[in-house]
Amino acid sequence: MSSRLALICAALLIVVGCGRSASDPSSNPEPITDEGYLTADTWNDGRAEVAFYQIERTRNQYGEPEPQSFTAGTYLVKHQFSPEEMTKVTDGGGVSAFKYAFFYEFESGSYEYKRNWVVNARQSDLRPFKQSFTSFDWCSNQYRELAFSPDGPVEVRMRSDDYGNSRDQFAGRAQSYPAAQLPLLIRGLDLSETDTVSFAVATADGNHVPATAVHAGLDSVDTPAGRYETERIRVTYDATVPSMVGEESDSTELYWRGTGPRRLLVKMEAASGRYRMTLVEHLRSAYWEENLWPRLERIEARP
């Protein structure tokens, strides 16, 4: 009887050991984001943050030496989002989420590039829901998407006239974020009790690239929008990841986030100096109800 009991216990241990239980800390890691900041009343004024940045880089979109300078626009707004339907909802359902957009245009030779990224992430902890990308470059339209299912794989989709069409999926991972979400993630990191946090960057080829963010000090930063008191955060990647600013990231990037209640992103640059972006102007606006462009003082044309 005792030998049979031992066999049963051994079998149970094998089953439990092979599965990932709810009490396994690796399945429910400690949060790295600051819920108090992300859910503060400051986001409940019914408006969006709209900010504009000057991008400067020493290499062009092909990685060739060619100085480029252009303006990028961003907006950050709170809304209700359905992780099941992967879209905004207005009927009272869904979950509270941030929508962050990053967009710009630039010219190179005969070509004109129009690029737009949109990220949706859960407000309370910035768990990613969806990253989408659209572009037009005189060769073709493109649409690319990473959809982070609540309890399933990450869906990858790509459609284009010239560059082919594909659909794939890969396993998700806790605290892994798409590259276009990094500016929002850096603002939301909780560095109050520790100066170092780890996360990963999810890429369309199914990799989760390890990354580390370190609180590297306090700086006063001068920008065209004025002087800001900031926290300097150094982010290091185990391998290069896609970059909205530099096409492909350096192994190390520096971010300066404001010390005010909204932690406005003031500046970002590659450690090598290969690319950077600097705040030019920002405002809060219900842009879906008002024309914000006459309110701007330093931005004269749409990005």
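Me: A salt bridge is a side-chain nitrogen of Lys or Arg within 4 Å of a carboxyl oxygen of Asp or Glu. This is a predicted model: local features need pLDDT of at least 70, side-chain atom pairs count only at pLDDT 80 or more, and totals for chains, interfaces and linings use all residues. Residues are numbered from 1 along each chain as its sequence is written, and side-chain values use heavy atoms, without hydrogens and water. Which residue forms a salt bridge with D250?

Reply: The closest N and O atoms of the D250 pair are 3.1 Å apart. D250 sits in the loop between β15 (247–248) and β16, and its partner in the loop between β17 and β18, 24 residues apart. (Helices, H or I of at least four residues, and strands, E of at least two, are DSSP runs numbered from the N terminus.) The partner of D250 is R274.

Me: Are D250 and R274 buried or exposed?

Reply: Under 20% relative accessible area is buried, over 50% exposed and in between partly exposed (1.4 Å probe, protein chains only). By that rule, both D250 and R274 are buried.

Me: Which residues join D45 in one network of salt bridges that share partners?

Reply: D45 and R262 form a salt bridge, with closest N and O atoms 3.5 Å apart. D45 also meets R284, at 2.7 Å from N to O. Shared partners join D45 into one network with R47, R262 and R284.

Me: How many residues apart in sequence are the parts that R262 and D45 tie together?

Reply: The salt bridge joins R262 to D45. R262 lies in the loop between β16 (252–258) and β17 (265–270), and D45 in the loop between α2 (35–38) and β1 (48–59), so the tied parts are separated in sequence by 217 residues.

Me: Where does R284 lie?

Reply: R284 meets D45 in a salt bridge. D45 lies in the loop between α2 and β1, so this pair ties together parts 239 residues apart in sequence. R284 itself lies in strand β18 (residues 275–285).

Me: How many salt bridges does a search of the whole structure find?

Reply: Side chains of opposite charge can pair when their charged atoms come close. Over the whole structure, the search finds salt bridges numbering 19.

Me: Which residues does S149 touch, not counting those up to four places away in sequence?

Reply: S149 is in the loop between β7 (141–148) and β8 (154–160). S149 is partly exposed, at 24% relative accessibility. Contact means heavy atoms within 4.5 Å. S149 touches M86, R127 and E155.

Me: How far from S149 is G258, C-alpha to C-alpha?

Reply: S149 and G258 are 109 residues apart along the chain. Their C-alpha atoms are separated by 32 Å.

Me: Which residue in β4 is the bridge partner of K78?

Reply: β2 pairs with β4 (residues 95–108) in the antiparallel sense, over ten bridges. In β4, K78 is partnered by F98.

Me: Which residue in the turn between β2 and β3 has a positive phi?

Reply: β2 and β3 (residues 87–88) pair antiparallel over two bridges, and F81 has K88 in β3 as its bridge partner. Their hairpin has four residues between the strands. The turn residue with a positive phi, about 55°, is M86.

Note on methods
Pairing = 2+ DSSP bridges.
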